[in-house]
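Let's sit down together and learn to read a few features of a protein model. Bring your questions, and we will take them in turn.

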Amino acid sequence: MNTDETLNEILVHLFQDLMDIEGKCLITEEFSDMTNNDMHIVEAIGIGEAKRSSEVAKLMSVTTGTLTRAVDGLVEHGYVTRTRSDKDKRVVYLTLTERGKAAYAHHKRFHEELIANAKANLSEEELAILIRSLNHLNEYFRNAYS
């Protein structure tokens, strides 16, 4: 296998494996009524102040209509609440319920463990090279495909 084929295989498998691992680790018995996408919406809403649904849609790179359908399920299962603005009824704010905050914390712990394990056997120099390399890839993908 040449270098291009090796890099392609690594990138494809890395992406697939990360998505599979995240799904298996995040969708536990406690959160079995959620999807990976739901977890990412919860993450985008966050635990701070209420966010406009349009802001969350932008963070998720989806339309507000697509987000609305996904949030319907999160509201139904008790993870998110919707509140309309008093000043402009078209504006909808999203906040996490206590159950949503638990899902947020669960997702955050997963990513903290993922990063700790990824760094565990790397020297400072290797870590710096990895970060620089991943940054270059990320910039390329964003510029080439956005």
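A: Let's begin with a definition: a residue is buried when its relative accessible area is under 20%, exposed when over 50%, and partly exposed in between (1.4 Å probe, protein chains only). The model is predicted, so local features need pLDDT of at least 70 and side-chain atom pairs count only at pLDDT 80 or more, while totals for chains, interfaces and linings use all residues. Residues are numbered from 1 along each chain as its sequence is written, and side-chain values use heavy atoms, with hydrogens and water left out.

Q: Happy with that. Which residues of α5 are buried?

A: Helices (H or I, at least four residues) and strands (E, at least two) are DSSP runs, numbered from the N terminus. In α5, the buried residues are Gly100, Ala103, His106, His107 and Phe110. They share one side of α5, because their arc around the axis is only 120°, the arc being that of the directions from the helix axis to the C-beta atoms. Glu98 and Glu113, on the other side of α5, are exposed.

Q: What covers the buried residues of α5?

A: The cover includes α1 (3-26), α2 (36-45) and β3 (92-96). Take His107 as an example: it is buried, at 2% relative accessible area. Contact means heavy atoms within 4.5 Å. Leaving aside neighbours within four places in sequence, His107 is in contact with Glu22, Leu26, Met39, His40 and Glu43.

Q: How does the span of helix α5 agree with its number of residues?

A: The expected span of a helix is 1.5 Å times one less than its number of residues. Helix α5 (residues 98-119) has 22 residues and should span 32 Å, and its end C-alpha atoms are 32 Å apart, which agrees.

Q: Now for charges. How many salt bridges does a search of the whole structure find?

A: As a general idea, side chains of opposite charge can pair when their charged atoms come close. A salt bridge here is a side-chain nitrogen of Lys or Arg within 4 Å of a carboxyl oxygen of Asp or Glu. The search finds 5 salt bridges. One of them joins Arg99 to Asp33, with the closest N and O atoms 3.2 Å apart. Arg99 lies in helix α5 and Asp33 in the loop between α1 and α2, so this pair ties together parts that are 66 residues apart in sequence.

Q: Where do Lys101 and Glu98 lie?

A: Both lie in helix α5, 3 residues apart, about one turn of the helix. Lys101 and Glu98 form a salt bridge, their closest N and O atoms being 3.5 Å apart. Lys101 is partly exposed at 32% relative accessibility, whereas Glu98 is exposed at 61%.

Q: And backbone angles: what is the phi of Ser61?

A: Most residues other than glycine have a negative phi, and most peptide bonds are trans. Ser61 has a positive phi of about 60°, although it is not a glycine. Ser61 sits in the loop between α3 (53-60) and α4 (64-76), and counts as exposed at 69% relative accessibility.
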